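Subject: Structure handover

Hi,

Here is the structure I promised to pass on. My notes on what turned up in it follow below.

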Amino acid sequence: MSELILLNKPYGVICQFSEHPLHPTLKSCVPLAGVYPAGRLDTDSEGLLLLTGDGELQHRISDPRWKQPKTYWVQVEGTPREEQLQALRNGVDLGDFVTQPAEVRLLPEPPALWERKPPVRFRKTVPDGWLEIIISEGKNRQVRRMTAKVGLPTLRLVRVAIGPWRLDDLQPGMMRSIEVSLADLPRPRFAKPAAQAPARKEHKPQAAPKAASTPAPRFRFAKKK
């Protein structure tokens with residue numbers, strides 16, 4: 001079993017332990033040695049960040065081949081229209097790459113979240129809405145770029161889940177430790193299957209000259225798994 005830390009990363013905290021000239025780092029809320037982030041979260045984004053001291057577990061979580069789905073609650077500027085939501089679902093051409101299809105739904109009301117510090121700028125003349133977006137990728141500032149591309153600039157972004165792990169009631173700067181086993185991790189639905197070894201060819205021994213009328217024996221070898 002390995003220890004996995006679930007942290008609610010506050011707004012403005014940079015995802016590193018080394019000192020930074022402009023932002024507080026993970027040292028400000030993780031008083032532990034020997035743990036490292038399994039993945040990243042933008043400085044101006046909030047929510048779930050996973051940390052562990054187990055290198056194999058860290059690799060399994062962050063390796064793009066496993067593609068753990070990530071769930072975000074996103075406050076956007078403007079009133080989302082169905083065609084904008086469908087564009088996000090279809091995949092968005094961001095110029096340097098086209099995003100994979102996302103799961104997107106309009107939240108009927110703002111989620112019950114903590115107050116952000118500093119607060120999001122409020123403008124009476126500009127409406128806003130909340131989306132739940134689930135993606136299997138993790139490119140730099142991807143969700144923000146996606147919403148901006150379809151005409152819905154992101155005002156606030158909170159990651160609430162990574163695979164089976166959820167933020168739940170963790171408040172900013174708080175963390176929770178759990179024990180996990182690699183063998184118990186669910187296989188993500190987006191994971192690429194491992195390459196299979198080529199099947200071995202059957203060996204067909206030549207028939208003996210004196211038994212030409214008798215079929216030669218055939219041997220089957222089990223395929224490697």
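Arg176 is partly exposed, at a relative accessible area of 25% (buried means under 20%, exposed over 50%, partly exposed in between, with a 1.4 Å probe and protein chains only). Its salt-bridge partner is Asp169, at 3.9 Å from N to O; Asp169 counts as exposed at 59% relative accessibility. Salt bridges with shared partners also join Asp42, Asp44, Arg141 and Arg144 into one network.

A salt bridge here is a side-chain nitrogen of Lys or Arg within 4 Å of a carboxyl oxygen of Asp or Glu, and the count by this rule comes to 10.

A word on the basis: this is a predicted model, where local features need pLDDT of at least 70, side-chain atom pairs count only at pLDDT 80 or more, and totals for chains, interfaces and linings use all residues. Residues are numbered from 1 along each chain as its sequence is written, and side-chain values use heavy atoms, leaving out hydrogens and water.

Arg156 forms a salt bridge with Glu46, with the closest N and O atoms 2.8 Å apart. Arg156 lies in strand 7 and Glu46 in strand 3, so this pair ties together parts 110 residues apart in sequence (strands are DSSP runs of E, at least two residues, numbered from the N terminus). Arg156 is buried too, at 8% relative accessibility.

Finally, Arg89 and Glu82 meet in a salt bridge through their side chains (2.8 Å, N to O). Arg89 is partly exposed at 23%, and Glu82 is partly exposed at 48%.

Best wishes

Terms used
Helix = DSSP H or I, 4+ residues; strand = E, 2+ residues; numbered from the N terminus.
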